[in-house]
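Colleague: I've got the file open and want a quick tour. Where do we start?

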Amino acid sequence: MAEIAVTSSQLEFTFDEIMTEDAYDEPLIAGGVRCHGGYTNGEYVSPRGAVRRPAIGNWQTRLAQAGEPLIAVPEKYVPPNYPSYPQAKFLLQEGIVEPVTRSLTIISIVEGFGARIREVEVPDFASEIEESVEGTALAHLTNGLFEAHARDEAGHRDQGGHKQMWEAARDVGLDKPEIPNDVLLRLMSGPGRGERKRLFPALSETMEGMITMMANVLIIETFAEGTFDWAQELLGDPEISADAERAAHIVNCVARDEVPHVDYLTVALSELRSRTLRSADGKQAFTGAEVIDTIFRQQLRGMATQRPRQNRERMREEIRGCIDDTKRASAIARTFEDLDTGWTFPHTDDEELDILLQPA
Amino acid sequence: MTNMGRLIARPYRASRIGWTALCVWLRYKIPAWWDLLLRRDPKARDLSAVHQKNADHIFDTAVSLRGMLVKMCQIIGTRSDIFPREFVATLSKCHDRLPPREFDVIKQVIEEDFGADLDSVYSEFEPTPTAAASLAQVHRARLLSGERVAVKVQYPDIEHIMHTDFATSRRIAVIYSRFDDNPMDFLPLLDELQKHLRMELDFRREVESADRIREFFVDDPSVHVPKIVRQHSTRRVITMEFVDGVKVNDPAALAAAGIDTKNLMTRLMSIFNRMILAYGFFHADPHPGNIFVNPSESGKPVFTLLDFGLAKELPDGFGMGLFELMFSMMTFNESAMLRAFKELGFKTQDDDNDETLLLIAKRMMSRSDTGTFQGEFTEEMTDEMFDAIRENPVVKVPTDFVLVARAFSLLSGIGHALGQRANALDAMGPAPA
Ligand SMILES: Nc1ncnc2c1ncn2[C@@H]1O[C@H](COP(=O)(O)OP(=O)(O)OP(=O)(O)O)[C@@H](O)[C@H]1O
Ligand SMILES: [Fe+2]
Ligand SMILES: [Fe+2]
């Protein structure tokens, strides 16, 4: 593959350029399945990064030079994975593998569905944004960024993506556990997708939909960092993992691949923040900051409060569900809950969430 | 002999079936003999007119003889993986568009099964049925308590007829296979058919299926399965809650009933996903006649599922295999597609035929709007898949897969009528609230 030189001033890229792979010495094979990315000088290098990586860097730099802040989820808002590492380890040591297997399998499928980002509809920027979007990440969303993201998550052609990598980490670490047959049911039940109330009904539905979707994915991707740490600790623990080093490494590869996702979504939303959005009828204008901050805060609050609660409730049910002996079930549940971090979202409903990172 | 007497007389039935079979066989063979005589390539001949003629002939015979023939036609009408398009289109009419039987006969079945007069169970009973199919017809009625009910009654002589027809068909199949150098093997199909029939003839089974599926959705107010009045249900009669509702594929009627049709297909797909992918037991006949819709208090659709005669248990791991097949088709991942095909029970004669399985998947995708699989088994894609399978007889398709693919393509047809997508992958998350 030809080396592609990206200069630090280049801001426009073609679709094919964004997809360009680095030259790897060898591919990543996880759990016997060929996956994306590969190794250079023994180091794992994420897929489709030869141009995408420096390109995102250039857009970031440009935004910082303009003195614009970045939108971000501060660490204090990130819920730790549930169950925690000590909780999950305790279950595995008690021979209760099912809840962890289920959890890892659901993660793999949900990651795979990350590919749906390629279907996000993007509005006509020329008519709905006052300023130009030339040379921005925004202008490249449908020109490679969404598609590269989708392929990273679900895999593409002969290369597996995060879906297959999570499956591999599970199978390597827990030695091909039996997959509970209620995984798909879990995925499909649960609280219904609530109808989204429009926060800015004057904007086009496509514009608000796109912003909401991107904010949502950015928050999920940031929350996932807690899950990566958890999985690396757990599957990397030789006391419970069948192949601690390998399993943790595979999770680590996934974690590294997510960095460009967080980065491009952050840049694109922040670029939009610094612009002026026009209403669908063209008669009103909103500052991007007002629109994006409102939507982002609302999404963040919803997800950070609901998720930990739902996870706790479900896990309790699952533990009871997979132990026949009720006395033993109560004993296990008690120890399990003693190990709970007790984390809850550290904010009341009316407090404003701080979601901005000022430029250095 | 009375018309009725003739209808169940064995020699008459056997000769009509035999005559039909002979005509069908000759319509295929005579042109082939001509080709042989004139040294023409028999493969070059366009058979669609012959297919159509044969299908019409079989349909007419089925309509007059009923019984097993109708059932056989119904199955042919669903096996587009084996039979030519013309057969499938014509014979699928046997699913619900058949003329009904006289009321006296129906009344007699009910009284025999209940061991009591019709009047002692129902205060009203409409003599004209609302629908009639292969095994049964459905009447409106009212219980003594005043409750409105639907009564599904099996045709009286059906068991006898089935038995006769089965023996006849078997004999014809054996004779045919002796005459033809390159026979199509009907015997496995006949065996499968008999297995199904024995299950379907006992309505108590249908009642069990309905109860089982109702239980899946106890917590879901968007799904309704009519309650069965067990004390007035027998082997040949089902008395159940009468349900009014709008046919699911009629947008004007849905709107008139004040039903919010936004995401209607996603909601419906989510219901079938839960049965097929998650519970492994499903209603395998979701044609529009079997799904009614009513508005909930907030105007959201409530789906009533009817007719559990064709409810099917899927093997362990089938749902996951199907999900993996759809997912790998979405990402063009060929090795994952092969793994999923095998998990689902697809078999090929030897391992070199893996290419054939991939080819089938590719041909299917080529018939979608975007050239990729995005989660919907459209009717076109399903047709293409079955065409490809027919052209490549090295591939054995599991019956369960055929039933599921057919269910999805029926749903896609409903989606088509509503201008919405029947996307199974999209409906994988929690249902829209
Ligand atoms: N509970 C009911 N309330 C109202 N109408 C009903 C009810 N059950 C059935 N029907 C009507 O009767 C028609 C036929 O019933 P059903 O689908 O159960 O039998 P069938 O499929 O025709 O028979 P088979 O499957 O044995 O060939 C349905 O399409 C529906 O219109
Ligand atoms: Fe991912
Ligand atoms: Fe991601």
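Modeller: Start with A:Pro83, in the loop between strand 4 (70-71) and helix 3 (85-93) of chain A. Helices (H or I, at least four residues) and strands (E, at least two) are DSSP runs, numbered from the N terminus. This is a predicted model, with pLDDT of at least 70 needed for local features and 80 or more for side-chain atom pairs, while totals for chains, interfaces and linings use all residues. Residues count from 1 along each chain as written, chains are lettered from A and ligands numbered from 1 in written order, and side-chain values use heavy atoms, without hydrogens or water.

Colleague: Which residue is joined to A:Pro83 by a cis peptide bond?

Modeller: A:Tyr82, with omega at about 0°.

Colleague: What about A:Asp175, is phi positive or negative?

Modeller: Positive, near 55°, and the residue is not glycine. A:Asp175 sits in the loop between helix 7 (162-173) and helix 8 (183-188) of chain A.

Colleague: Switching to metals. What holds the iron ion (ligand 3)?

Modeller: Its protein donors (N, O and S atoms within 2.8 Å of the metal, 3.2 Å for Na, K and Ca) come from A:Glu153, A:Glu221, A:Glu258 and A:His261. Along the chain the spacing is E-x67-E-x36-E-x2-H.

Colleague: Which residue bridges the two irons?

Modeller: A:Glu153 links the iron ion (ligand 3) and the iron ion (ligand 2), 3.5 Å apart.

Colleague: Now chain B. How many residues surround ligand 1?

Modeller: There are 18 (a heavy atom within 4 Å), and B:Ala133, B:Lys152, B:Glu241, B:Val243 and B:Asp307 are the closest. Helix 4 (68-76), strand 4 (148-154) and strand 6 (237-241) of chain B each give the shell at least two residues.

Colleague: Which polar side-chain contact does B:Lys152 make?

Modeller: A polar side-chain atom of B:Lys152 is 2.9 Å from an oxygen atom of ligand 1; a polar contact is a pair of N or O atoms within 3.5 Å. From the backbone, a polar atom of B:Val243 lies 3.0 Å from a nitrogen atom of the ligand. A polar backbone atom of B:Gly289 lies 3.1 Å from an oxygen atom of ligand 1.

Colleague: How much of ligand 1 does the protein bury?

Modeller: The protein buries 90% of the 620 Å² that ligand 1 exposes alone (Shrake-Rupley, 1.4 Å probe).

Methods. A polar contact is a pair of N or O atoms within 3.5 Å; within protein, one must be able to donate a hydrogen and the other to accept it, and residues adjacent in sequence count only if both atoms are side-chain atoms.
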